[in-house]
Amino acid sequence: MIIVTKSEGTCGKCGAKLEVEWDLDWVHSYEKDMGLNSYYESDVQVVCEKCGNVIAAKLYASEYPEGTLENSKVTIEGDASGKSTLEKPNIEFYDL
Ligand SMILES: [Zn+2]
(Lines give C-alpha, C1' and ligand atoms only; values in the text may rest on other atoms or scores of the structure.)
Protein backbone atom coordinates (compact mmCIF):
# COMPACT_ATOMS: atom_id res chain seq x y z
CA MET A 1 0.00 0.00 0.00
CA ILE A 2 1.35 3.40 -0.93
CA ILE A 3 0.39 6.71 0.59
CA VAL A 4 1.15 9.78 -1.48
CA THR A 5 0.57 13.24 -0.09
CA LYS A 6 -0.70 16.12 -2.17
CA SER A 7 1.86 18.39 -3.79
CA GLU A 8 1.80 22.13 -3.76
CA GLY A 9 2.85 24.11 -6.73
CA THR A 10 2.72 27.49 -8.36
CA CYS A 11 1.17 28.44 -11.66
CA GLY A 12 3.87 30.01 -13.81
CA LYS A 13 1.37 32.11 -15.70
CA CYS A 14 -0.52 33.90 -12.91
CA GLY A 15 1.31 32.86 -9.72
CA ALA A 16 -1.70 31.12 -8.16
CA LYS A 17 -1.11 28.20 -5.82
CA LEU A 18 -1.83 24.76 -7.19
CA GLU A 19 -2.64 21.57 -5.39
CA VAL A 20 -2.05 18.21 -7.03
CA GLU A 21 -3.27 14.77 -6.05
CA TRP A 22 -1.22 11.87 -7.31
CA ASP A 23 -2.39 8.37 -8.02
CA LEU A 24 0.66 6.12 -8.31
CA ASP A 25 0.45 3.15 -10.64
CA TRP A 26 2.83 0.25 -10.50
CA VAL A 27 4.91 0.04 -13.69
CA HIS A 28 7.35 -2.80 -13.18
CA SER A 29 9.52 -4.61 -10.64
CA TYR A 30 12.94 -6.20 -10.81
CA GLU A 31 14.38 -8.83 -8.54
CA LYS A 32 17.59 -7.52 -6.99
CA ASP A 33 19.98 -8.53 -4.19
CA MET A 34 17.77 -7.25 -1.38
CA GLY A 35 14.41 -8.13 -2.93
CA LEU A 36 12.10 -6.37 -5.30
CA ASN A 37 12.90 -3.02 -6.84
CA SER A 38 9.58 -1.56 -7.95
CA TYR A 39 8.80 1.44 -10.11
CA TYR A 40 5.68 3.58 -10.04
CA GLU A 41 4.38 6.47 -12.09
CA SER A 42 1.56 8.95 -11.94
CA ASP A 43 0.34 11.27 -14.66
CA VAL A 44 -1.68 14.31 -13.77
CA GLN A 45 -3.13 17.27 -15.52
CA VAL A 46 -3.67 20.35 -13.41
CA VAL A 47 -5.82 23.25 -14.56
CA CYS A 48 -5.15 26.52 -12.79
CA GLU A 49 -8.41 27.74 -11.27
CA LYS A 50 -7.49 31.37 -11.80
CA CYS A 51 -6.16 31.56 -15.34
CA GLY A 52 -6.93 28.19 -16.91
CA ASN A 53 -3.29 27.37 -17.57
CA VAL A 54 -2.96 23.62 -18.10
CA ILE A 55 0.02 21.87 -16.57
CA ALA A 56 0.83 18.25 -17.32
CA ALA A 57 3.11 16.60 -14.79
CA LYS A 58 4.50 13.20 -14.04
CA LEU A 59 5.64 11.67 -10.79
CA TYR A 60 8.16 8.84 -10.79
CA ALA A 61 8.92 6.79 -7.70
CA SER A 62 11.03 3.75 -7.02
CA GLU A 63 10.87 1.42 -4.05
CA TYR A 64 13.90 -0.52 -2.89
CA PRO A 65 14.25 -2.48 -0.73
CA GLU A 66 10.57 -3.28 -0.30
CA GLY A 67 8.78 -0.79 1.89
CA THR A 68 11.38 1.95 1.40
CA LEU A 69 11.24 4.90 -0.96
CA GLU A 70 14.43 4.78 -2.99
CA ASN A 71 13.89 7.80 -5.20
CA SER A 72 11.18 10.11 -6.49
CA LYS A 73 11.02 12.80 -9.12
CA VAL A 74 8.45 15.23 -10.47
CA THR A 75 8.72 16.41 -14.04
CA ILE A 76 6.58 19.01 -15.75
CA GLU A 77 5.87 17.80 -19.24
CA GLY A 78 3.50 20.43 -20.48
CA ASP A 79 3.08 24.02 -19.34
CA ALA A 80 2.36 26.95 -21.64
CA SER A 81 4.08 29.41 -19.30
CA GLY A 82 7.18 27.24 -18.91
CA LYS A 83 7.57 28.51 -15.34
CA SER A 84 5.16 26.47 -13.25
CA THR A 85 6.60 24.51 -10.37
CA LEU A 86 5.45 21.50 -8.39
CA GLU A 87 6.93 20.13 -5.20
CA LYS A 88 7.65 16.50 -4.66
CA PRO A 89 5.05 14.74 -2.53
CA ASN A 90 5.90 12.56 0.44
CA ILE A 91 5.59 8.90 -0.42
CA GLU A 92 5.35 6.14 2.16
CA PHE A 93 5.03 2.42 1.68
CA TYR A 94 3.15 0.22 4.11
CA ASP A 95 3.14 -3.50 4.44
CA LEU A 96 -0.30 -5.00 4.53
ZN1 LIG B 1 -2.72 30.42 -13.26
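1. How many bridges join strand β2 to β8? Strand β2, which covers residues 7-10, is joined to β8 by 2 bridges, and the two strands run antiparallel; pairing here requires that DSSP finds at least two bridges between two strands. Within this part of the chain, T10 stands opposite T85 in β8.

2. On the basis of the model: it is predicted, so that local features need pLDDT of at least 70 and side-chain atom pairs count only at pLDDT 80 or more, whereas totals for chains, interfaces and linings use all residues. Residues are numbered from 1 along each chain as its sequence is written.

3. On the overall make-up, the protein has 0 helices and 9 strands, and from the N terminus on its elements run β-β-β-β-β-β-β-β-β. The elements are DSSP runs, numbered from the N terminus, with helices (H or I) of at least four residues and strands (E) of at least two. The C-alpha trace spans about 50 × 20 × 15 Å along its principal axes.

4. Of the contacts with a separation of 6 or more, 51% are between residues 24 or more positions apart, a contact being two residues whose C-beta atoms, placed from the backbone, lie within 7 Å.

5. On the sheet, β3, β2 and β8 form an open sheet of 3 strands in the order β3-β2-β8, with antiparallel pairing. Its edge strands are β3 (17-20) and β8 (85-86), each of which pairs on one side only.

6. On the largest nonpolar core, which has 13 residues, the members that touch the most other members are L18, V20, V46, A57, L59, V74 and L86. Two or more residues each come from β3, β5 (35-47) and β6 (54-63), and β6 gives the most, with 4 residues. Such a core is a set of buried Ala, Val, Leu, Ile, Met, Phe, Trp, Tyr and Cys residues joined through C-beta atoms within 7 Å. Leaving aside residues up to four places away in sequence, L18 touches E8, G9, T10, C11, V46 and C48.

7. On S29, which lies in strand β4 (residues 25-32), the residue counts as partly exposed because it has 16 C-beta neighbours inside 10 Å. S29 touches L36, N37 and S38, not counting residues up to four places away in sequence, and its C-alpha atom is separated by 6.1 Å from that of Y39, 10 residues apart along the chain.

How values were computed. A residue is buried if 20 or more other C-beta atoms lie within 10 Å of its own, exposed if 12 or fewer, and partly exposed in between; C-beta atoms are placed from the backbone.
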